[in-house]
Amino acid sequence: MPRPLEPVSQGTRLLLGTAFFVLFVAAWAWATFGGYVSRTFLADPLTMLQDGWVLLTRFEFHIDIAVTVWRVVGGFVLAALLAVPLGIVMGAYKSVEAFVEPFVSFARYLPASAFVPLLILWAGIGETQKLLVIFIGSFFQLVLMIAVAVGQTRRDLVEAAYTLGASDMSVVRRVLVPANAPEIAEILRLVLGWAWTYVIVAEFIGSSSGIGHMIIESQALLATGQIIFGIIVIGLIGLISDFAFKALNRTLFPWRLA
Amino acid sequence: MIHKLLIDSVSRVFPAVRGGVPVQAVEPTTLGVAQNDFITILGPSGCGKSTLLRIVAGLDRPSGGRVLLDGREVRGPGADRGMVFQSYTLFPWLTVSQNVAYGLRERGVPEGRRREIVAAYLERVGLRDFANHFPKQLSGGMQQRTAIARALANDPQILLLDEPFGALDNQTRALMQELLLGIWERERKTVLFVTHDIEEAIFMASRVVVMSARPGRIKADLPVDLPHPRHYTMKTSPDFVALKARLTEEIRAEAMKVAQAH
Ligand SMILES: Nc1ncnc2c1ncn2[C@@H]1O[C@H](COP(=O)(O)OP(=O)(O)OP(=O)(O)O)[C@@H](O)[C@H]1O
Ligand SMILES: [Mg+2]
């Protein structure tokens, strides 16, 4: 029996992780090929792959993927560019926090997807509207989580910096920021995942391209194979970006693992 | 007498916590420190040693009284008072040499000069081969040595040490005492060193200040006239033993008070 918190080897980890995917697909295949679930509602894995192939070769689905990725990244980068500095200032200066925090906490619970109709009225159905949905969905979350992280910086490190002659500005720049950089990167990774759900919803309505658009079109055609293919593509992109983020964090913050 | 540092009737009362009573951590305390003094502050746990040191560092404000360094009132922390903390406070994202260079960078010392100073202090605390390690990769003793080097490299007027060796085993602790004393004998910094270890207090000090149980105040102030350079064998000399016996009595009386109060 494994014991609590006992680490597992890299090989075992990979094996176990893959095993889950295999089991999942096996259960899916069993349910569909075995006829336990109607085809109309759930395509089997092979049909899904075929549909995906058709999407890619005949309907230029790769362009939809690229459009969706661009929207997520674009909206998210915009949000991050503003949210990271604001979050740091909020965490560092309690008066700024007192001023902004109540509103941000409120805004954080406004569902980004509910803004879609409103944003269509304001910004039309162009790219601006899609970017704005993602911006609204991620900006407030980022600000709040980063402010909390920065606010929890170890006080003794800040005090040590002061006794070494640091100024207030330099405490922010040379203690609060580097001390929380890994945490901030982790928050970005997390919220980027959420941004994916907003983009799909934004693409359901008033969009002529993107993965979400394809999914909503396929629904009208009862093409569950295509829908599932779209969902799996999103999952795969998420998995890849997650890996990339983790690898980047490892190289950027070696002191964390040291 | 002109004092390097004057703690002038400094007191500290912490406000009541959730319906309790306010805690008087330090009673009005006056202590003059001459240039090049090595003063150890000895007292039972919770008697306000850290509080007093933090006030001198400018990290905490006194409720009454003031602290004068070279005749100027201390109003906040600054590079003229280097501090080594009771807890490990190296910056985890910086390597050992970057940690030691922190204050120098802060003051805008040019790169080349900075490297020389860092190398010299790493050599002095015996960490030359660990310059590029991160704090996590060091033992507790090595981390405190780095913290001492970090404070010294900044060339402070006065060095404040808050039980820097408190978490170390006896052998390492003894080695660190000799190391720090060796540095002091060479550089003659003014030092305030907090400890609750009697032997350590005598071995390091030119003066031992004994604090009473909470609320802390100075109960005894004894010069230590043992010759320099000091060697660990001195800890068994008759003078040393006599001093130790005397301080043990003082501290024991205070510890008893604490025990009876609870
Ligand atoms: N921030 C604070 N708020 C309230 N009370 C405090 C605070 N800091 C310290 N105290 C109180 O002040 C008293 C002295 O604390 P201090 O840390 O100075 O003791 P110390 O002599 O350094 O003890 P030790 O040897 O255990 O480190 C304690 O009784 C503690 O309860
Ligand atoms: Mg203490």
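A polar contact is a pair of N or O atoms within 3.5 Å; within protein, one must be able to donate a hydrogen and the other to accept it, and residues adjacent in sequence count only if both atoms are side-chain atoms. In this predicted model, local features need pLDDT of at least 70, side-chain atom pairs count only at pLDDT 80 or more, and totals for chains, interfaces and linings use all residues. Side-chain values use heavy atoms, without hydrogens and water.

**Interface of chains A and B**

Seven residue pairs are in polar contact between chain B and chain A, both at pLDDT 80 or more. Helix 3 (102–106) is among the elements of chain B that give two or more residues to this side. Helix 3 of chain B gives the most, four residues. Two salt bridges cross the interface (side-chain nitrogen of Lys or Arg within 4 Å of a carboxyl oxygen of Asp or Glu). B:Glu106 and A:Arg174 form a salt bridge at 2.6 Å, N to O.

Contact means heavy atoms within 4.5 Å.

| Chain | Residues in the contact |
|---|---|
| B | 26 residues |
| A | 21 residues |

The two chains bury about 2100 Å² between them, 62% of it on carbon and sulfur atoms. Buried area is the accessible area (1.4 Å probe) lost on putting two parts together, summed over both. B:Trp93, B:Tyr102 and B:Glu106 supply 32% of what chain B buries against chain A, more than any other three residues.

Key:
Residues are numbered from 1 along each chain as its sequence is written. Chains are lettered from A and ligands numbered from 1 in the order in which they are written.
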